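Please look over the following structure with its aromatic side chains and one of its helices in mind.

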Amino acid sequence: MNQTSPTPTASAPDDAALIERCRQTLRANDRGGYAVPSSRLYPFQWNWDAAINALGWQTFDEARAWQEVEWLMKGQWADGLVPSIVFHRPAESYFPGPQEWGCDHLTPPTTSISQPPVLASMVRRLRERSRDPQVDTRVRALLPGLLNWHRWWHEERDPEGTGLSVIYHPWETGSDNSPAWDAPLAQVPAATRPYQRRDTGVVDGSMRPHKAEYDRFVYLVDFFRERAFDARRIYDECPLRVADFALNTILLRADRDLAHLCTELGLHGAARQLLDWADRSAAALATLWVPALGRYASLDTRRGRLLTQRTHASLLAWYGGLLPVPAPGDDGPADPRSAALLAEFEAFMQATRHGLASTHPNESGYDPRRYWRGPVWPHINWLVAEGLAEHGHAEQAARLRAGTLGLIRQGGLHEYFSADTGEPLGGPDFSWTASIALILLDSGG
Ligand code: DGY
């Protein structure tokens, strides 16, 4: 964002009209208890979308916000997994469906993988903004499931107790086709069976992952099913096994937020367990700092290599709570990681007209219109801005929030936007884009 944020055009709706449009989008995507992210591209309930959409709902319908969370948790497995997708009702326009995952016998059917665990943090936020005098009844009912999911991340996905939880499918990171996953994905064989993608029938193929990536995405879906979801076998044998910095820092924050909720509701033993996990994670995440680059890396634990591609992920360190909060009036020397990351934030903001690019344009895998290889994602901007603001970087947070709203005002409620031109990309009438606009406008932009 090397110029000021996009100037709203003459036809840009004013805030009241934009709020109404966002509400209508959520209502139109509502399937009764859950909102689909975008009706044809993603016709089910997605995990981290649901957590963020709950905040969008809360700005005008709190009861509906809690339903969004409760419906997502209907998909939880007995071992604790909260799946990336809950297929509450059949729909034809998406691949891979529940049969491909081998999970069509479940009620409701789901995928066999997870997604970034923002949910506990969003539940804390919902509670803090609640107007419902009975809110703690709802929170209390959610706590065992949330705790079980966090236990799953720390035990099933970190069986050696390293402090870093691993993913087996790029879709679990949320940044599905980021250049950061190119090298680990190259170790995955391509699926040889025929399959029919549906996404490129809905959205132009230039905005979606390449076929070579899908061949490997599908191989992994089959791999989990063929091993009957056996956690230990998959940990030992899966050709892709990565500790994603972004996911682990999101989990760290979520552990602390869940510990806070447990303490508030009198579950002190659970809170202690969560804070122990959080301490272990914070120590392990600190080892992913690469001083020569001035940013964090992810770790390919299958091959023992750092993944240092320049993506937005490092900028989530504030949100995750990895950096010290300056004391009021503290003008001593800044923590070197904070100073380097602030410089990295500015580098991202200067690199394109509309920050934050999901991949820095200097990175060889940069592709300005393709999903996670360049475009701006409103929810990532919002998470980064929350972290900046919480660490005293109010000006940076305000700039990022204003830029995000500017993109939405100008381009509409699309899934993602070109960082270079602001062109709206991906699925239309997108629920979490509407939710982010509602959250930003509700808190004064
Ligand atoms: C996809 O692109 O289909 C994935 O499910 C999104 O995470």
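Predicted model: local features only at pLDDT ≥ 70, side-chain atom pairs only at ≥ 80, totals over all residues.

**Aromatic pairs**
- A search of the whole structure finds 27 aromatic pairs; in one of them, Trp48 and Trp432, the ring centres lie 5.3 Å apart with the planes at 80°, so the pair counts as edge-to-face.
- This pair links distant parts of the chain, since Trp48 belongs to helix H2 (residues 47-58) and Trp432 to helix H17 (residues 431-442), 384 residues apart, and both Trp48 and Trp432 are buried.
- The rings of Phe95 and Tyr195 have centres 5.4 Å apart and planes at 10°, so this pair is stacked.
- Phe95 lies in the loop between strand E2 and helix H4, and Tyr195 in the loop between helix H7 and helix H8, so the pair ties together parts that are 100 residues apart in sequence.
- Phe95 has a relative accessible area of 8% and is therefore buried.
- Ring pairs also link residues into a cluster whose members include Tyr42, Phe44, Trp48, Trp377, Phe430 and Trp432.

**Charges over rings**
- The charged end of Lys74 sits over the ring of Trp71, at 3.8 Å from its centre, while the charged end of Arg197 sits over the ring of Tyr214, at 3.7 Å from its centre.

**Helix H15**
- Helix H15 (residues 378-390) has 13 residues, which at 1.5 Å a residue should span 18 Å, and its end C-alpha atoms are 18 Å apart, so the two values agree.
- H15 is mostly covered, with 11 of its 13 residues buried, among them His379, Trp382 and Glu386.
- Just after H15, Gly392 takes a positive phi of about 85°.

Note on methods:
Residues numbered from 1 in each chain as written. Heavy atoms only, no water. Helix = DSSP H or I, 4+ residues; strand = E, 2+ residues; numbered from the N terminus. Expected span 1.5 Å × (residues − 1). Buried < 20%, exposed > 50% of the residue type's maximum accessible area, 1.4 Å probe, protein only. Phe/Tyr/Trp six-rings, centres within 6.5 Å; stacked < 30°, edge-to-face > 60°. Lys NZ or Arg CZ within 6 Å of the ring centre and 35° of its normal.
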